[in-house]
Amino acid sequence: ENACNRARVLKSGLSDYLTGWHTRRYLNSRLREELARAKRRGGSLSCLMIDLDHFKRVNDSYGHLVGDDVLRDVGQLLLATIRGSDIVARYGGEEFLVLLPETEEVGAVSFAERIRAAIDEYAFARGSELPPLKLTASIGVAVFPAARIENVEDLFSRADGALYRAKADGRNRVRQ
């Protein structure tokens with residue numbers, strides 16, 4: 001019973017209660033492992049940072065329960081899109097991070113575009129009597145190996161910078 005309780009506590013610290021995806025804590029550890037593996041094998045690792053555009057308006061206009069439903073739906077859209085080897089984590093409020101092992105730039109950008117389009121086309125329900133919500137997402141892509149990406153911080157910083165470019169360029173875009 002003690003072992004089961006310990007396992008449950010550990011899992012709860014590594015899983016987001018709302019979406020069921022991994023947390024930032026888990027991601028930090030896993031990102032180091034995946035980058036080390038890519039370096040060791042001479043492979044690639046892509047990192048996608050996804051941010052829901054204007055998500056604060058959802059919470060402010062419709063309430064946090066609707067916002068929670070939207071985040072769950074995005075989690076399900078990601079589940080329907082990723083491969084078994086991919087790693088997804090809820091990075092923060094409305095931000096998700098996806099790691100794509102053994103995925104080079106062309107594949108990562110294509111994958112990011114599929115996610116962006118899936119969110120753009122999805123009708124987020126707000127109850128049976130209300131019209132669905134439409135949302136968009138901005139996505140930043142970084143790929144190892146690349147110039148000046150030596151470690152986890154570099155990879156993350158590059159994805160974060162690309163995300164900010166996507167937002168600055170008008171949102172609902174993928175940038176690298």
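This is a predicted model: local features need pLDDT of at least 70, side-chain atom pairs count only at pLDDT 80 or more; totals for chains, interfaces and linings use all residues.

## Asparagine 172

At 21% relative accessibility, asparagine 172 counts as partly exposed, because buried would mean under 20%. Asparagine 172 also has a positive phi of about 55°, although it is not a glycine. To find asparagine 172 on screen, look in the loop between H6 and S5.

The mean pLDDT of the protein is 88, and 90% of its residues reach 70 or more.

Which elements mark the two ends of the confidence range? Among the elements of the protein, strand S5 (residues 174–175) has the highest mean pLDDT, at 98, while helix H1 (residues 2–14) has the lowest, at 46. Over residues 4–13 the pLDDT is below 50, and this stretch has two contacts in the model beyond near neighbours in sequence.

Now to strand S3, which covers residues 95–101. Six of its seven residues are buried, so S3 is largely enclosed by the rest of the structure. The cut-off behind that reasoning is a relative accessible area under 20%.

Which strands pair with S3? Strand S1 (residues 45–52) pairs with S3 in the antiparallel sense over seven bridges. In this pairing, isoleucine 50 has phenylalanine 96 of S3 as its bridge partner. Strand S2 (residues 87–92) also pairs with S3 in the antiparallel sense, over five bridges. Here alanine 89 stands opposite leucine 97 in S3. S2 and S3 are joined by a hairpin through two residues.

## Glutamate 102

In the loop between S3 and helix H5 (105–121) you will find glutamate 102. Its backbone has a positive phi of about 55°, although glutamate 102 is not a glycine.

Is glutamate 102 buried or partly exposed? With a relative accessible area of 49%, glutamate 102 is partly exposed, because exposed would mean over 50%.

## A cis peptide bond

One more backbone detail is worth a look. Phenylalanine 144 and proline 145 are joined by a cis peptide bond, with omega at about 5°. Proline 145 is found in the loop between strand S4 (137–144) and helix H6 (152–168).

Methods. Residues are numbered from 1 along each chain as its sequence is written. Side-chain values use heavy atoms; hydrogens and water are left out. Buried means under 20% relative accessible area, exposed over 50%, partly exposed in between (1.4 Å probe, protein chains only). Helices (H or I, at least four residues) and strands (E, at least two) are DSSP runs, numbered from the N terminus. Two strands pair if DSSP finds at least two bridges between them. pLDDT is the predictor's confidence in each residue, from 0 to 100. Contact means heavy atoms within 4.5 Å.
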